[in-house]
Structures are given as C-alpha cells and as structure tokens.
Amino acid sequence: MAGKISRRSEAVDPFIVMDVMAAAAAKEAAGGTVIHLEVGQPSTPAPRAALAAAHAALDADRIGYVAALGMPALRERIAKHYRETYKTEVSPERVIVTTGSSGGFPLAFLASFDAGDRVALAAPGYPAYRNILSALHLEAVDLPTSQADRFQPTVAALEKAHREKPLAGLIVASPSNPTGTMVTRAELAALCQWCDANHVRMISDEIYHGIVYEGETTSAVEVSDHAVVVNSFSKYFSMTGWRVGWLVVPDELVRPIERLTQNFFISVPTLSQYAALAAFDAKDELDAHVHRYRANRDLLMAGLPAAGLDRLTPAQGAFYIYADVSHLTNDSRDFCQRMLAEAGVATTPGVDFDRARGAGTLRISFAGSTAEMEEAVRRIKAWRKK
Ligand SMILES: Cc1ncc(COP(=O)(O)O)c(C=O)c1O
C-alpha cells in the first residue's frame with residue numbers, strides 16, 4: 001500500500017505554461033521551428049560582471065553555508081540600491097536574501113499569516129501566489145480587475161472583500177505579470193494606508209522594477225513601514241537560474257523570518273550571492289536589455305492588430321502583453337495549442353492567470369530578440385489569413 005498524498009498538495013494547480021513549453025519542445029524535437037512568446041524570462045545570460053564574480057568566487061572561496069539572512073555585503077548592497085533608486089533609507093537589517101522571489105513568498109506568508117487567513121490578490125495575476133497560498137492553507141481571495149483600473153486592486157474592491165470577511169493580507173504586483181500594468185505612486189500609497197489602517201499585511205511584488213516603459217515605479221517601502229517587499233535578480237538582472245532574490249521586511253518580521261529560513265533553507269546559494277552582488281555594477285548592460293524589450297513591445301503593439309489581435313493591454317513595464325481574444329475563441333488553451341501547432345508561435349493561455357475569465361485571454365512575452373518578434377507577427381498574420 002502506498003502512503004497517503006496530502007489534500008494540500010492536490011489543491012495546487014499545475015502551471016499551464018509548463019505544458020505549453022513541453023508542447024513547444026516536442027514540436028522542435030520533431031523538426032519544427034517555434035517562436036517562444038510563452039517564456040517568462042529574459043533571453044539573455046547573467047551580466048558579464050556577475051559571471052566574472054562567480055568565476056572569481058569559485059577560485060577563491062570554498063562556497064560553504066553563509067548567514068541565513070544573506071551575505072552581509074549583499075544585504076548592504078541591496079539597502080544601497082534603495083538609497084540610489086528610490087531615495088529611501090532602508091537598514092540592511094531589514095533586507096533578507098532569498099532563493100529567488102519564489103523562496104521569499106512562503107517565508108513572507110508564513111511569517112505574516114495563520115492557516116485559514118484570507119489574502120486578497122488581483123485576477124488576473126501570477127498563478128504561484130494562489131498556489132503557494134493554498135499549499136499553506138491560506139485562502140486566496142480574487143479581486144476581479146479590468147483594463148479600466150489597469151488590472152490592479154483598488155481600495156474599493158479591498159473594502160468590499162474585507163466587509164464580506166476580514167482579510168489578513170493583500171498582494172500587489174506592479175508592474176504586473178501577466179498584464180504589464182502598474183499602480184501609480186498615489187494608488188500604492190492609498191492601498192498601503194488602507195492596509196496599515198486595517199491591520200492587513202501588504203505584500204508588494206516588485207520583481208519587474210527596472211523594466212519600465214511608462215510611468216515611475218514606487219517601492220512600498222517608500223510609503224509604508226509595515227509592507228513586505230518581494231524582489232529578485234531574475235528579471236531586470238537577467239539571472240533566473242541563479243535563484244536569488246530578496247525581501248525587505250518590517251523590523252518585527254526579521255526574526256520570525258530568520259527562524260523560518262534557518263530551518264527551511266539554511267542559506268541561499270553562496271555562489272549566486274557573489275554573482276548578485278556584482279550584478280549591481282552592470283547597469284549599462286542591463287539597461288540595454290530594457291531598450292530591446294521596449295522596441296519589442298512597440299513592434300508587437302504595432303504589428304499584432306493587423307493579425308486580428310487588436311485588443312491588447314499596452315504594457316507599462318515587465319515583458320508581457322495581455323491580449324483579449326474573446327472575440328476569436330472561448331477556449332484560450334485550444335487557441336494557443338492551435339497557434340503553436342499551425343503557426344509555430346507559442347503563447348500562454350490566460351487560464352493560468354485568471355481562472356474565471358482566462359478562457360478569453362492570452363499572454364504574449366516579448367523577452368526574446370527583436371527579430372523573433374518580427375517573425376512572430378509575420379507568422380501570426382499568415383496563420384490568421386488562412
Ligand atoms: C510576478 C512574479 N513574481 C515572482 C516570480 C518568481 O520569480 P523568481 O522566483 O525567479 O524570483 C515571477 C516569475 O515569473 C513573477 O512573474
């Protein structure tokens with residue numbers, strides 16, 4: 001007799017984009033070519049300075065465990081980043097290095113919430129929030145959003161959800177995955193004020209900061225003393241596989257998170273921390289990626305409407321365009337499968353991001369090369385003409 005399988009693990013949904021990636025790989029293995037607009041990661045490696053630092057560390061250091069909260073030099077460098085980028089003083093004591101931002105979420109959630117607590121989040125949104133919450137026996141409360149509110153939570157929607165049954169937390173992602181939309185500074189401040197006044201923990205996912213085309217990014221640390229900020233070296237810093245990110249937490253959460261991370265992880269990969277420290281010196285190289293993303297975004301926004309994909313959310317940041325395809329299909333999964341099989345273009349069906357309305361949407365990632373974006377537009381146009 002096999003042992004049991006937990007109900008909590010069965011409540012966790014698969015990440016459908018992974019299925020799309022597998023189908024794309026199968027097509028390529030069979031000799032087909034695929035333009036990858038489904039991937040949620042930079043197409044570039046870690047910056048040269050980070051790679052050089054990693055090589056040097058391999059030669060000079062034994063790469064053992066380091067402090068659970070992160071290498072002191074990296075925590076200090078991240079604190080300096082807040083001074084440089086947001087003109088805000090953050091004590092290095094409040095910075096916690098994590099195994100990607102993915103490693104930060106369970107720490108932040110476990111330190112802030114008890115089983116059964118309700119945590120609000122925008123729909124559409126990044127699917128792992130809901131899945132990590134449910135694995136931890138927390139209730140994800142969808143706040144349905146629309147293009148009118150830039151797919152971001154509003155104080156009115158929060159109040160409504162809180163009246164139904166009190167909330168313990170709110171997750172905000174700006175720029176957002178999958179919509180690329182942002183909250184303004186005033187909106188973020190209002191959300192934080194509401195959270196602080198109602199004893200609701202604000203979790204601000206700032207992983208796409210640095211990849212911005214319109215408007216300014218505000219960090220929640222600028223407008224609240226109680227928010228938890230989640231960030232990562234994966235996106236702007238182009239270091240997905242290094243699995244390194246960080247949290248900025250209020251003083252009262254430092255020790256609870258330290259206890260959790262000591263036990264869960266011991267420490268974050270040491271080699272990656274050396275590389276991450278040097279990545280802050282690669283601004284020119286990294287900003288060049290952002291220029292390419294902008295060119296890609298402009299190319300798709302101009303080219304896709306002629307292929308019938310004309311209900312597009314203009315991305316203010318990140319590298320995603322969220323497309324409403326409800327006039328073309330009522331099954332985005334099938335639509336994406338056909339586009340992959342017949343046009344050789346892989347995209348992500350919206351059901352990953354919005355369980356209620358995602359059958360009519362899809363996410364287009366423009367993290368690849370500009371030549372790939374040109375080819376994608378050409379292929380989708382030819383496919384739609386058939
Ligand atoms: C909004 C958002 N948050 C967090 C993550 C997790 O990234 P990582 O664990 O690589 O930092 C992703 C990855 O795509 C994301 O899109």
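Modeller: The C-alpha centres of domain 1 and domain 2 lie 25 Å apart. Domain 1 covers 7-45 + 284-385, and domain 2 covers 48-281; such bounds come from an automatic or database domain assignment. This is a predicted model: local features need pLDDT of at least 70, side-chain atom pairs count only at pLDDT 80 or more, and totals for chains, interfaces and linings use all residues. Residues are numbered from 1 along each chain as its sequence is written, and side-chain values use heavy atoms, with hydrogens and water left out.

Now the interface. In domain 1, 36 residues are in contact with 38 residues of domain 2 (heavy atoms within 4.5 Å). The two domains bury about 3,200 Å² between them, 53% of it on carbon and sulfur atoms. Buried area is the accessible area (1.4 Å probe) that two parts lose on being put together, summed over both. Arg8, Leu286 and Gln316 supply 22% of the area that domain 1 buries against domain 2, more than any other three residues.

Charges matter to the next count. The rule finds two salt bridges across the interface (a side-chain nitrogen of Lys or Arg within 4 Å of a carboxyl oxygen of Asp or Glu). Glu285 forms a salt bridge with Arg48, and their closest N and O atoms are 3.8 Å apart.

Helix H12 (283-303), strand S9 (312-313) and strand S10 (320-324) each supply at least two residues of the side of domain 1 that touches domain 2. Helices (H or I, at least four residues) and strands (E, at least two) are DSSP runs, numbered from the N terminus. H12 gives the most to that side, with eight residues.
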